[in-house]
Structure formats: structure tokens, C-alpha cells
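Thank you all for coming.

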Amino acid sequence: MFAYNGKILFVNLSTGEIEPRELDESLYRQFIGCLGLGIRIIYENTKPGFDPLGPDSMLGFSVGPLTGSGLHGARFAITGKSPMTGGWGDANCGGSFAVYFKNAGYDGVFFTGISEKPVYLFIKNGVAELRDASHLWGKDVYQTEEAIKQELEDSRVRICSIGPPGERLAYCAAVMHDQSAAGRSGLAAVMGSKRLKAFVVQGSNKVPVADPERLAQLRKTFLQGVKNVQHPWGQALRDYGTPIFFDALIPPGSTPIKNFAVQGEEAFPDYALCKADEFMKYRTRRHACLGCPIACKGWLELKDSKYGSISGTIPEYETITMFGSDCLVSDLAAVVKANDLCNQYGLDTIEVGATVAFAIECYENGLIDDKDTGGIELKWGNADALVAVVEKIARREGFGDVLADGVKVAADRIGKGSEKYAMHSGGQALPAHDPRGDVGLGWGYCCDATPGRHTANHVKHSHDCKVAFTLSDRLNFPDLDPLDVDANAGINAVCSAVDRVITSAGLCFFAMWTEQLPLIEAIAAVTGWDFTLEECIKTGRRIDALRQAFNIREGVDTTEWKMPERVAAVPTDGPMKGKKLQFDRMKLKGYEAMGWDPKTGKPLASTIDELGLRELVDDL
Ligand code: SF4
């Protein structure tokens, strides 16, 4: 077997038992890796109805066949049952962890049980050990990373860890690595419930690939493509990173403003103060996930701001939007500070930003007052209040405790009709994309097994992209009105499937804007399989169907997931005036196109059989 280690680890944190298990190549071929491997292993090895924060809950970390290929990025997946939705949860993260993880000798690690005392798992070149982390419990992410490097006497180990919010089971928490977050689905709370403080890897055993010459050739062509990228988003991403999306998406109305209430430049002229160029003034260097030629990330240093001097990562588009325009905050220093607090404590900036915007709206409408907030004046645009409340959430302190489990739970706690201000789907906050402007993502908000995601269903988000997945097998879609739900359903289902394979292979979906991603050829080159576009689509559909089957098995009725009223409405003003998106029909047609029952969301028996899932999915 090429491109894989061929084995995973099961770690029972209740007993301390660590059990390696070899996997058959056919399993990898059916599910590829990363989140595909995660759903395959977790579906089989958990019993229906388990508590996501209980001992039977399984939490996976996994990599893919293109991890370490040097092709484009190196993302790993974290998978498990989401305490936010009660159904399937996955999240992914870049950096360099994935490559070191794979070189350490395993394709995945799956944790069950609950440790008596805090621990971390350390794997070095195939040898895995659980180590005491009692002295790390309560430390923030920066302190934890520093302490682990010191005690292992190795500054090059790669670390995923949680901070105090994860330890305290906050659904807003994120698993952090390299100041990047695997933030969605609330899986840091699952990690905290297991008293697993960190997962640390070190490895130097590069996994052989089937055809290194072909891979080198593909990489060369890909790198040339990146260098000469024509697509404007591809160029912009290279030059500025994701902050440029803020400049680009405010004018057409895709960027949420004031808790998704209004759209467009006129609704928030001060957005200019948080444009990409403003952040670039403080950029000290560009930064890339290991081996990525795009290098969309960056580090900044903000000296002597009113929140002190801050050095850290440049906030991503999602962060700038959720803390900026969504809260009507135009103070760059406050956005940088809130971002830094989230990196330091381990918080998902999307869920936290959405929850703060929600709380502001509650405050402005008299549903909560200074007594509830502990004296924080939660008004639109109040930069200091934003920073103060993020700190409270990080510590689960006072009003922060009300907000720490995300927007849906905060609305349940506050009551008084506040649900109408909670912008979520199925329990998870909507990210920084208004689905009326970014219709493809809207399709994902409705139809994906993990609702409200910005890194799932991205491929189809822009039909003008004419997404080119491979050098030889291009999927060129006809020009369609993105609002034409019926006409787009089939395309969206195909794109969703291919997106699932990109992510399962361990790549970053931003590669789509290079229009040169040799996905199919690269998988074939590293594995030696005669992998085709048809197999790719079928594989992605299989992963999608099993994620959805998990939801059904766990009793989640995904047909109940709705768009917030405000988001489902037709804007009467602004750049999206008159845009009508038929979310219910979108879901209906989406389910149909994916081979799921449009009325119940259950994958049809014929789909289960066609995708070879019958042994796993007996009866839904
Ligand atoms: S494009 Fe950005 S997020 Fe994606 S792999 Fe490259 S550096 Fe990482």
C-alpha cells in the first residue's frame, strides 16, 4: 500500500490502553482519509445514541493520502459527534501538524473514554504514550505549547491543544494548532470532556508514494499554475490572504453586517477601516501551511494599541467579519485583539463572533441589560465591549458563561423570544457568508450533514469559477442562475462530493482558485490506483451519505434545520434587493440529487446499496 501508513490507533482514555489496528487498502479507497476515514471508523465503532461528551464518544484525528505530498496545503481532520447539533461533526485545520502526524506512523488516532486525570498523547516515530497533563490543565494554548516543547526538549514537535474553554466544555471552543483553529462542530468540548489536553506528534518517516516522478511532475505544473494564476481570487489570496474577501464581499452583500440584518457598503461605510490593506500595514511576514505555494496566512505586529502590543496571526476573513461588520465594529485593533484572545484561549472566532452579535442585538432590544452583562455596554460598534465579552467567554465568567456554548444555546438560556436574533442552522452559527449572496454555501447550510459551515461545500459556491478540479477531467458547468434551485441541484451534489474528496485527501479547498488542482491524477500517482473522476464523485457521495446516515442514526431530523427568518427573507434594500432564495426547495432538491429521501433526509436504500454501505448502514 502506498501513500498510507496502513494503520490507525485506538486510545481508550479510561483504561490507558493504546491499540494499533491495521486497515485494509479497500477501506482507504472507499473513504480516502481525513474526514472520510473519520466517519468510516466512528460510524462502525460507536453505538447509536451515545453522549458526545460521555465516555462512549469517539474523537478522531486523521490525515489523507496527499498529506505531505507537497501539492497544496496539509490539512488534517478532527471528527466526532457534535454536541452542538447532536449529529455528525467535523472540522479541519492547516499548519504543519498533519505532515508530522503522518510521518509519525499513523493515518488516524481515535480516542474513547474519559481519563481520570488530564493527559496528552505523544507519538514519536510510531511510539505512542499518554503523558500526565495535570500541570497543563488551566493553561492557555500558548502556555501549553511552550510547556510541552520544553518538557519534551524538542521545539519542533507539532501540537494540537485546547485551552480553558475546551476544558470547561464550551461549545465555542476550538482545537488549536499553530494559531489556526479546527473550530467548528464543538469538538474541542469533546476533547475537553475526555480530559485530553493535547495531541503531540513528531515524525520523520516519510510514507512512500506509488509514482514519485509523476507526483513531482504534477507538482511542478501545479506550482507553475499558482505562479501564473489568472483567476482574480487566486491572485488576491496569494497577495493578501483571506482579508481581501472582506473588501470584495461587502459591496455585493455577501458579508453579514449587523447580525445579518443589512447588506452592502452603504449599510456599513466604516468597513473600509478593516479592509485588507489596513491589516497589511502591520504584516511582518507571510505564512503558509507546510508546503503550500499560496501562503495565504500572515503574521502581524500591532505595537502600542489601546489593547497593548499584539503579535500573532493576521485575522482571517471569517474573523474580521464576525467581530467586525457583524458586530458593526470598525476598530481594527479590537478585531486583532479579539482574534488573539481566541487564538490564545482556543475559541472558534465564527461561533464567538456570531454569539456576540446576537448578544448585542438582545441588549439593544432590551432583552438583557447591564445587570445581565456584568456592566458591559453591549452596543453595536462598541469595540471595547467586544473585547471584554470575548474575554468573559474565554473564562466562562459571568455573562461569558451564558454565551460560551454558542448562539443557539445562548438563545435558549436567555429566552424572551431571543431565538429570532440567533443566526444558526441546526445549532451551529452561520459563518461569514450570507447565503443569499453566496448561494453555494447556502446550499451547504441546508443540505450538508454539518450545517452552517464555511469549509464544507465550498467548491460550488461560485459557478463563475468554472471549477477545474483536475488537469484532464475538468468539470465545466453551464452558466446557470445560482438562484435557480432546481437547475443547480445536480451540480451542487456533484461539487459537494468532489469537495468531500479534496478535504478527505488532506488538501485545502482554496486550491480551486488556482484552477489547476490535479486532484484525480495526484490521488492516482500517490496511491497507484486507477482513480477516475467517476470514482472520485462516487467516493464523495459515499462520504456524504455516511455522514448523513450518522445524523439519522443519532436521531437528528435534518429536515428541521431551517435558515433564520431574517436570512430566509427577501431583502427590500441594498445590493441583494429582491433576491429570493427558496431554502426549503433547495433542501428538497438537494436531498433528491444526493440520493436521499427528500421528505426525511435519509439516504435511500438504493443509495446505500449503490455506494456499498450496506454492511455499515443496516437500517435507518
Ligand atoms: S491556501 Fe492558505 S489555508 Fe490553504 S493550505 Fe495554503 S496557506 Fe494553508
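This is a predicted model: local features need pLDDT of at least 70, side-chain atom pairs count only at pLDDT 80 or more; totals for chains, interfaces and linings use all residues.

Residues are numbered from 1 along each chain as its sequence is written, and side-chain values use heavy atoms, with hydrogens and water left out.

Let me begin with the domains, whose bounds come from an automatic or database domain assignment. That assignment gives domain 1 (7-202), domain 2 (243-422) and domain 3 (439-610). The centres of domain 1 and domain 3, taken over C-alpha atoms, are 26 Å apart. If we count contacts, meaning heavy atoms within 4.5 Å, then 39 residues of domain 1 are in contact with 38 residues of domain 3. The size of an interface is often given as the accessible area lost when the parts come together. Buried area here is the accessible area, with a 1.4 Å probe, that two parts lose on being put together, summed over both, and between domain 1 and domain 3 the figure is about 3,400 Å², with carbon and sulfur atoms giving 66% of it. On the domain 1 side, Arg 29, Tyr 43 and His 72 lose the most area to domain 3, together 22% of what that side buries.

The residues around the ligand are His 72, Gly 73, Arg 75, Ala 288, Cys 289, Cys 292, Ile 294, Ala 295, Cys 296, Lys 297, Cys 508 and Phe 510. In this shell, eight residues are nonpolar, two are polar and two are charged; for that tally, Ala, Val, Leu, Ile, Met, Phe, Trp, Tyr, Cys and Pro count as nonpolar, Asp, Glu, Lys and Arg as charged, and the others, Gly among them, as polar. Domain 1 (7-202) and domain 2 (243-422) each supply at least three residues of the shell.

Now to the salt bridges, each being a side-chain nitrogen of Lys or Arg within 4 Å of a carboxyl oxygen of Asp or Glu. The structure holds 33 of these salt bridges, and across the interface of domain 1 and domain 3 the rule finds five. Helices (H or I, at least four residues) and strands (E, at least two) are DSSP runs, numbered from the N terminus. Asp 90 and Arg 453 also meet in a salt bridge, at 2.7 Å from N to O, and both belong to a network of salt bridges that links Asp 90, Asp 448, Arg 453, Arg 500, Asp 544 and Arg 547.

Next, helix α17. Lys 408 forms a salt bridge with Asp 412, the closest N and O atoms being 2.8 Å apart, and because the two are four residues apart in helix α17 (residues 406-414), they are separated by about one helical turn. Lys 408 is partly exposed, with a relative accessible area of 27%; buried means under 20% relative accessible area, exposed over 50%, and partly exposed in between, with a 1.4 Å probe and protein chains only. In α17, Gly 406, Val 407, Val 409, Ala 410, Ala 411 and Ile 414 are buried, and what covers these buried residues includes α13 (349-364), α16 (399-403), β16 (424-425) and β17 (428-429). Just after α17, Gly 415 takes a positive phi of about 65 degrees.

Finally, the two loop residues. Pro 65 lies in the loop between β3 (59-62) and β4 (76-81) and counts as buried, at 2% relative accessibility. Pro 65 and Ala 3 are 62 residues apart in sequence, yet 5.0 Å apart in space, C-alpha to C-alpha. Ser 254, in the loop between α9 (243-249) and α10 (276-280), is buried with a relative accessible area of 6%. Leaving aside neighbours within four places in sequence, the contacts of Ser 254 include Tyr 317, His 433 and Asp 438.

Note on methods: A residue is near a molecule or strand if one of its heavy atoms lies within 4 Å of it.
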